[in-house]
Structure formats: C-alpha cells, structure tokens
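Here is a short briefing to read alongside the coordinates. Confidence comes first, followed by two local sites.

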Amino acid sequence: MGFYIKDLHRQIKQKHSTPNKSKIMTTYRGQVMANAEFEKLKNSIGSLIAFNSFLSTTTSSVEAILYAESAQVDPQLVGIIFQMEIDPSILTIPFVSLSDVDDIPFCQNEILFSMHTVFRINAIEQITNYLWSVDLALTTNTDDQLQRMTQRLRKEIEGQNPLHRLGNLLIQMGEFDKAEEIFRTLLETTSNVDLEQIVSFYNQLGCICKEKGNFSSALSYHQKALEIQQKIAVPNHSVLANIYNNIGEVHRLMGEYSTALLCYQKTLIIGQEFVTFDSPMLAIIYNNISQVYNLMGDYSAALSYLQKTLEIQEKNFPLNDPNLITKYNNADQSDGSLGENSVASLNLQQVSEIQEKVIPFKNPDLAATYENIARMHYAMGEYSTALSHHQKAFEIRQKSLTSDHPLLAITHNNIGQVHYAMGECSTGLLHHQRALEIQQKSLPLNHPDLAATHNHIGRVYDSMGNYSTALSHLKKTLEIQKESLPPHHPDLATTYENIGRVHYAMREYSVALSHHQMALEIRQKSLMSDHPVLAITHNNIGQVHYAMGEYSTALLHHQRALEIQQKSLPSSHPDLAMTYNNIGEIYVGMIDYLNAIRYYKRTLKIQQVAFPSDHPLLAITYNNIGRVHELREHYSDALFNYEKVLRIQQKALPSKHPSLATIYNSIAEMHRMTGDYSSSLLYHENTLEIQTKSLPPNHLSLAERHHQIAVVLEGLHRYNEAAEHASCALNIIRHSFEPKQSQVEKYQKYLDEILLIPECSKLIKANNINEWTYPFLLVLHPSHQSRLHSILFDLTDGHLMPPSLSHECLTKLESNKQVKSIVLETLSDSVDERDRVLKDFSSVDHIESIYLLGKPPEMSEQRYSFFTSFRKVSIFCENEEELAVRWALDTANEFRRLGGQCAEAGNIDSAREYFQRGKELYKRLAKIIDQARSQTS
C-alpha cells in the first residue's frame, strides 16, 4: 500500500510539473457531513483546512450536487459543495486532470489532488435547507499562515531521523505510551559511541515519564542523561542546562521545592556562561525559578524573577508577539497567589490585546490563555465570566485534540470547578466524571491527575451531603497519591484536609481533627514557616476545636493563622477576611459580642475591597454581624444587616430558593421584636411558602414557622388565625420522626393559652377536641418518609398520629383509646413479621379497622384464609391512593353515623362537630382526587 501511495503521488507530481498555460479554473467536490462536524467548519472561516487523502474533485458542479444531495434523507447530515479556485501555473501544489490520462476512462471532468493539499476557507453560504456551499482557495508554500504553522510543527517534532520525529510528534499528540516505545527502540538501536543521541533519548524518556506521572522513572532517566553528558569531553552547555531544568521540573511536581530550586539555579549558572543577559533561554529559567518561589510562598522573590522574564521577552519580541502571552499568563498566576488582582488584570488586558492582533481564534495556543484568564476571574468570584473563558478553551481543544486527550480532562475539571463554585453541583459533577473517563483511558491508574479528579468529585459529593461517596473518592485520591508522590508532598496534605472536612460535616470531630493534624505535619515539613497554606490548615483545626466547644484552643489556631497571613499576604487579601471571620465566630461562642463584631467588621472591610458589592461572601458577613446584633438585642441594627443580606441573595438566587427562607425568617423576627407585626407576618408567610414546597410536611422547621406566625397573629389580635397556626405547629411536631418532648409541651401550652382567650371562637376550640380520632400510621421500618403518609397527612389536615414502630404504637394506643383505625405500611417482605404485627393489633379492643398497604396473597384460597384470620383488616392493597380513599370514605361515613346518634340523643354541639368533620374530610378527599386526575391528564 505504501509503495502504491508513493508511486501515485510521484506520478501526479510529475504530470503537474509539465508546463501548463491553462486559465484559472474552478473545481467542485460534493459530500455529506455530520451536523456536529459542519458546525465546527462554519466557525473556521479564514482558517486552513487540509484533506489527508488524495482529493478527487470535478469541474462539473452538477456532479458535485448529486453527491451532496444524499444528505436530504438524514436530518443528522448536511450536504456540502466545496468550490475551489485553482491556478494551474502554481507548481508547488500537485494535481492532475484525469482527462489527460489515457488509460482512465469516464473521468473527463475529474481533477485529482495529491495528499495533504491545504486550502483556506474563504466563505460559507447556505443554498437550501440541507445544502451549503463552501468557498476554498488553494494555498501555496509562500502562504504566511501556512509557513508559520509548518515552521512551528517542524520545530516541535524536529529529530535526527523519521523515527525520532515520529516519537516527538506522538508526544505532542499525548500518545505517551507509543512515544515511550519508540524512544526505547531508538535507545536500543543507537551506537554506544553516539553519546549525544543517547543523552537526547534518555532526556526524552524522562519527559515522557513525567507526563505519565511516573516521577521516579523520570528522575532516573534524566539522571542517566546527566551522567553521560558530564562524561562527554566537550559538553554541550545548552543540553546540560536543559537536563538540570528537566530534573528541577520533576522535583517541583513532586513537591520538593528546595531541590527544584537548586536545579533551576544550576541551570541559570550554566546558562549565564554561554548566552547573553537578554537571551530567551534565560527568560525560561527565570520563569521556572519564579514558579518555585511562588509555590514556596516567597512572593516577592517570585515577582522579582517574573519581572526579569518579562523584561527579556519584551526586548526579544515586539509587544504584539504571541511568545509574550505565556509570560503574561504566568504573571497572572503569581499575582493571583498574592491577591493583587489589579496587576493581574492589567496583564490580562495585555494578553487580550495581543490575541486580537496576531492570533487566529482557533489557534490551540489560545486555550491556555483563556484558561488562565478564567482562573483569574474565578479567583475574583466572577464565575460567569470564568465559565465563558473555560468554555472557549474547551471549544478550541475539542477541535485540535483527540476526544480522549488528557488536556480535555483538565478543561472539564476547570469547568466543573466553576459550576461547583456557582452552586451547580450536579453540572459540576458531570464535568468531573467526564474528566475521570478520559483520564482512565489515557493515563496510568496511579497518575496524579487521576488523584486530582477523584478529589474534585469527592468535594462535590461532600457539598451534596453524600458523605460516604465523597469519602470513597477522597480515599482513592489518597491511595494514588501515596503510590505516586513522596510522603511529604503538599498534595497529600490537601487530601487529608478534604477528608477532614467530610468527617467534620459528619460531626466526627476527632477523626476530622486527626486528618487536619496530619496535613499540618506534612506542610510544616515541606513549606516555609510563614507559608499562607499553613494558615489555612490552622484555620481548619481551629474550626474543629470550635465545633467541639474548645474555644480557647480554637482561638489559638486562628490567631496563629492570622499571624502567618499578616506576614505573608497583603492587608486586603481575602484569606485574611476568612480568618477574621473565624475569630469572630469564636468570640460569639465565648459570648464576647463586642470582639465578635470587631472582627466581623474587619472581614467586611476586606471583602468590600476585594469583591463586587453583591458577592455571596458579603452576604455571609452581613448575616454574621446581624446575628451578633440580634444576640445583643440591638434589633434595629440586626435588621439593617439582614436586609443587606436579602438584597444580595435576591440578585443571586431564584425567588423560591431555600436559602431565602432563612433570611426572610430572620427579618421577620426582627420586625416582631421591634413591634412591627404586620411586616413580620409578611416575611414569615414568605418563609412558610418556600419551606412548605421544599420540606417534608412533618419537618420541624415547618412547626417552628407556624408557631412564629401564631405569635405574630396574637400580637395583631387575630386570635382565631393564631389558634389555627398554633394547632398546626403542635400537629406537625407530634408527627415528626424525632419529636422533642420539650417542644411538644411548649407548643401545647401556647395553644392552650390561645384557646383561653375569650375572642377565640368556639369552632376553633372544637376543632382541637378529639384531635387523635384519625388513624395511627404504623410502619415496620424506622424513619421512613412514605408517600402514603403524605397523602393521609393532607387528608387529615395534619391530624394524623405520628408514624411509629409496632412496639411504640402499642404503648401509645393505651393512652389514645379514641383511635379506631390503624394504617399499616409493610416495608418488609417477611410474611411472618407482618402476621405477628397484625395479630398484636387485632387484639386491641378499641381498634375497629386495619388498612394494610402491601402485596396481598395471589391465590383466592390464601386471600380467604388471610381475611378469615384477620377480620379487622378492611382493605389489603398495593396502591396508596386506593387505600387512602377507602379509609377516608369509611371514616367520613363513621362521622356521619356518630353525628346522627348525637342528634337523636339531643347532643346538638357534638352532632354538629361530627358532621363538620365528615364534611371537611369529604372536601379534602375531593381535592386530592381532582389533583390526581389533573396530573394524570
């Protein structure tokens, strides 16, 4: 096949080299293309396109249209007619008219181009719904854009022979396993006397192992290259400097920053001996040293070396040269660590100006630029802008890389982090999981990048409250890191801290504390004593001690964090604000409110400088200040701060977001405390509306909201409404799965007091008599939020006995003899357990009916035997609505019967009460049936 391709190319080239004075002609090619591919093509006007095989075209537009029209049968395809203007006098692009070839019949209109012919996309126009015209212009070897691309590719894959160049190309493609195989072959087949080549191959193998995350092998290969290079009689200083630079890079990735710095400094000493002071090579070395100082927390030294990098680059390249972009991007990263966003923003502006002048939008180099710009916006809390830049980077990389290239995984992780910061955990999780899929295909199982992705996924699950899954991913992170990193690598400390945070959220404080202490131990060994990251660890430890009630110990750690940050960070850095906030929290716990407000105000002062006025962190701080004013009984000051919280959250959150309910409630209580009951009622009703939609019907928070509304209504002298809400509060808390007896007694006492008020109507009082005449819901499983319970709760307007286990139910029934029916929900497949429970409750004298939800016996004989054994079972079915309707009808009829008996006996008040209950039950039943019908339709 290779011989045939080579021969065909040679013949086309030979035929084309014959002098041809033909006029400029137009050729066409019709084909179909997937919609997704065509979308990429539409976004590439002005770019180059290459056909990687021999390209057959025709001078007949009709023939081209016939090929393209096949797209109309499939909506997923689009027809393309490529229209190409050809100048036969250009000899650098070989093509041939097959009409000139004697032994090829029926090809009089066909023009055949050789492989890898390159065109420029000039225009794209729509012809019909499914047919498009793409105008292409043939390029020449003198085309400026093509020349720059070719020179760059040649430089990136240059080598002594084709196999060497192939290895370099595979590295650029991210095919590290194949590249490693080629360089091993080159090493084995190279003569032992060719030491320079052997040094080059060892060096490349080291770089490949570094990319694969195999740092120990990478160091071994680079060390071999160094040993051989030092033995060469006349060593190549540039090669020696490159080897030291590569060794430094591996140590940097291993977290061994001091060793990395020594290697980079050796590189610098060697470089200064054989290059001028403004050589681009020195710029690279200065930049690497800057990065290490940045990681070590010595930001002044980092900026000093970075400035030297920029000075050299600006001397060697004009301001609009793309080579400056990488340096400006590195400046952004260093300034981001320092918290000096103004300097970074200036650099970003310079990057943008350079991009617009000299770099086409689809150039792969722009992906790194966009990602660094995105990181800066992310650090500034501008998440939407950050997301748009990450998505631009993703778009570029999708077009220039294979679908499973590791760089795509990095971009997915970046996008996932932004969504996570925006509170869009599910979307963030999808991107992190896609990153994991790519990395599992393209990287070794112990690669550090896989650990980073597991870490991201663990953090998202932590935020979603799925702590067991979070721990699973974080432990996988730890497992990979222990295998691939040195024992005191900073990334290990980060993972220990993340695991500690999950245990903290699970209230496993001692376990959380041990992980944060392990993180501290690692960081104290690998970082300077005043590194800002140490402050973060001290803050984490302080928070755990605070949660354990150990305020003095917590305060010591937060104060140590503050000392570190005041030495290493600018006075307006956001991390300082976080520490001030933590200290404020401790003073609240110690009931030292004046100091608490003092530190919260310091937090606020920094945040007002560092963030936009509607940043979510400002809302948290205003809320903290308001809470302290509330504790000090300075209700007007508290209200002022809570209203600022509300303004920020209303901009950032949907109108019915659960977080808004919290601040509505705080504002409502402050209005109540200042005597503004009307405003208080308005905010409490907003709170109740949101929480009713977002919480289960027996949630304790709903009981608290109804109680608060009752208190406000009492203040407004609306006693009937107050009694209704007080009754709701009492019923909800009694139906909660973990009712607090003290709260039950509090709500009962309040309701009794309301009912004693003369203005409270008799109807309200009557509605609270015999409140437990509705059924007892029995479950064979603890803490089960069932659909049946929700239906019955609505039917009874909350007058439903709380769900209980069988032994609890029997005990409660002894003091509730007015309960006539039980609803039994079987969550167990055990027939013996079900029958045992039924036997126990059938023996209770005042229980007249049992409504059983579960799978009834299938055989008629078995059903007959069951209902004979348990005569109190009224219905046994699998459908919740059917069972609830049956119970409601039976109970409503029973109320009518009891009402009739009371009327006959002359007890008119009791008769009215029973008839009213039956009527209300019918109404609620009709409402639920209507809702079910509307949902079905």
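The confidence score used here, pLDDT, is the predictor's confidence in each residue, from 0 to 100. This is a predicted model, where local features need pLDDT of at least 70 and side-chain atom pairs count only at pLDDT 80 or more, while totals for chains, interfaces and linings use all residues. Residues are numbered from 1 along each chain as its sequence is written, and side-chain values use heavy atoms, with hydrogens and water left out.

**Confidence**
- The protein chain has a mean pLDDT of 78, and 79% of its residues reach 70 or more.
- Helix 27 (residues 616-631) has the highest confidence, at a mean of 94, and helix 13 (residues 323-338) the lowest, at 42; helices here are DSSP runs (H or I, at least four residues), numbered from the N terminus.
- Residues 318-349 have pLDDT below 50, yet this stretch has 75 contacts in the model beyond near neighbours in sequence (contact means heavy atoms within 4.5 Å).
- Residues 351-362 are also below 50, with 36 such contacts.
- Where pLDDT is low, the predicted coordinates should not be read in detail.

**Around Gln 649**
- Gln 649 sits in helix 28 (residues 635-652).
- Its relative accessible area is 16%, so Gln 649 counts as buried (under 20%; exposed is over 50%, partly exposed in between; 1.4 Å probe, protein chains only).
- Leaving aside residues up to four places away in sequence, Gln 649 touches Ala 619, Ser 659, Leu 660 and Ile 663.

**Around Leu 166**
- Leu 166 belongs to helix 5 (residues 162-172).
- Leu 166 is partly exposed, at 38% relative accessibility.

Definitions and conventions:
Helix = DSSP H or I, 4+ residues; strand = E, 2+ residues; numbered from the N terminus.
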